[in-house]
Amino acid sequence: MPDYDNDNIFAKIIRGELPAHKVFEDDNTLAFLDIMPRADGHALVIPKAPSRNVLDIEIADLCAVMATVQMIARAGLKAFQAQGAIIQQFNEAEGGQVVFHTHFHVIPRRAGVELKPPAAIKEDEAVLARNAERLRAALQD
Ligand code: AMP
């Protein structure tokens, strides 16, 4: 497996070198919206510590990420009147991974609303900003 690349997009978001619609942050994890969402509220949850994916992540970082995944999934149901959620994660290019910093997709699922195709349609910034606010508000409840 290749080494971790410090210049991947999500490492730059962690360092504040690239913008993101952040919805939650603690000492070990960060959650922000996917810019090409498959549904409203599609979020990515990442560890702040470097790792490529589940194959090389430290178990403590994985546990921290999963706690945040659960929190964001629950908030997604509230914020978007969803009945379910997809939690999705890819490992290495052969496993469908494109950005090589560990991340979990958290996608709220509403009855009767089709998923958009993966990483295909860039969402409007205003829509992303509004959806991030909805998720942040749901996290306060
Ligand atoms: P994958 O590695 O296959 O899980 O795909 C990477 C995901 O990151 C895709 O869903 C992209 O839409 C998303 N993505 C890529 N660049 C950014 C970015 N700058 N901010 C938020 N999401 C991104």
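Q: Which element gives the most to the lining of the largest pocket?

A: A pocket is found on a 1 Å grid over the protein atoms alone, as an open set of points with protein on both sides within 12 Å along at least five of seven lines; lining residues have an atom within 4 Å of a point. Here α1 gives the most to the lining of the largest pocket, with three residues. Helices (H or I, at least four residues) and strands (E, at least two) are DSSP runs, numbered from the N terminus. This is a predicted model, in which local features need pLDDT of at least 70 and side-chain atom pairs count only at pLDDT 80 or more, while totals for chains, interfaces and linings use all residues. Residues are numbered from 1 along each chain as its sequence is written, and side-chain values use heavy atoms, with hydrogens and water left out.

Q: What else describes the largest pocket?

A: A volume is the space filled by probe spheres set on the grid points, which are joined across faces, edges and corners. For the largest pocket that space is about 620 Å³. Its lining has 27 residues, of which Phe 10, Asp 34, Ile 35, Met 36 and Leu 44 lie nearest the centre. At least two lining residues come from each of α1 (9-14), β2 and β5 (104-109).

Q: How many residues of each class are in that lining?

A: Ala, Val, Leu, Ile, Met, Phe, Trp, Tyr, Cys and Pro count as nonpolar, Asp, Glu, Lys and Arg as charged, and the others, Gly among them, as polar. The lining of the largest pocket has 17 nonpolar, seven polar and three charged residues. The second largest pocket, with a volume of about 180 Å³, has four nonpolar, no polar and seven charged residues in its lining. Among them are Arg 38, Asp 40, Phe 80 and Arg 134.

Q: How many cavities of 30 Å³ or more are there?

A: A cavity is a set of points where a 1.4 Å probe fits but cannot get out. The count is one cavity of 30 Å³ or more. The largest cavity holds about 40 Å³ of space. Its lining includes Leu 33, Pro 37, His 42, Val 127, Leu 128 and Asn 131. Helix α3 gives the most to this lining, with three residues.

Q: Which residues of α3 are buried?

A: Buried means under 20% relative accessible area, exposed over 50%, and partly exposed in between (1.4 Å probe, protein chains only). In α3 the buried residues are Val 127, Leu 128, Asn 131, Ala 132, Leu 135 and Ala 138. They cover an arc of only 130° around the axis, which puts them on the same side of α3; the arc is that of the directions from the helix axis to the C-beta atoms. On the other side of α3, Ala 126, Arg 130 and Gln 140 are exposed.

Q: Is Asn 131 buried or exposed?

A: Asn 131 counts as buried because its relative accessibility is 5%. Contact means heavy atoms within 4.5 Å. Leaving out residues up to four places away in sequence, Asn 131 touches Leu 33, Asp 40, Gly 41 and Phe 80.

Q: Where is Pro 37 found?

A: Pro 37 is in the loop between β2 and β3, and is buried, with a relative accessible area of 6%.
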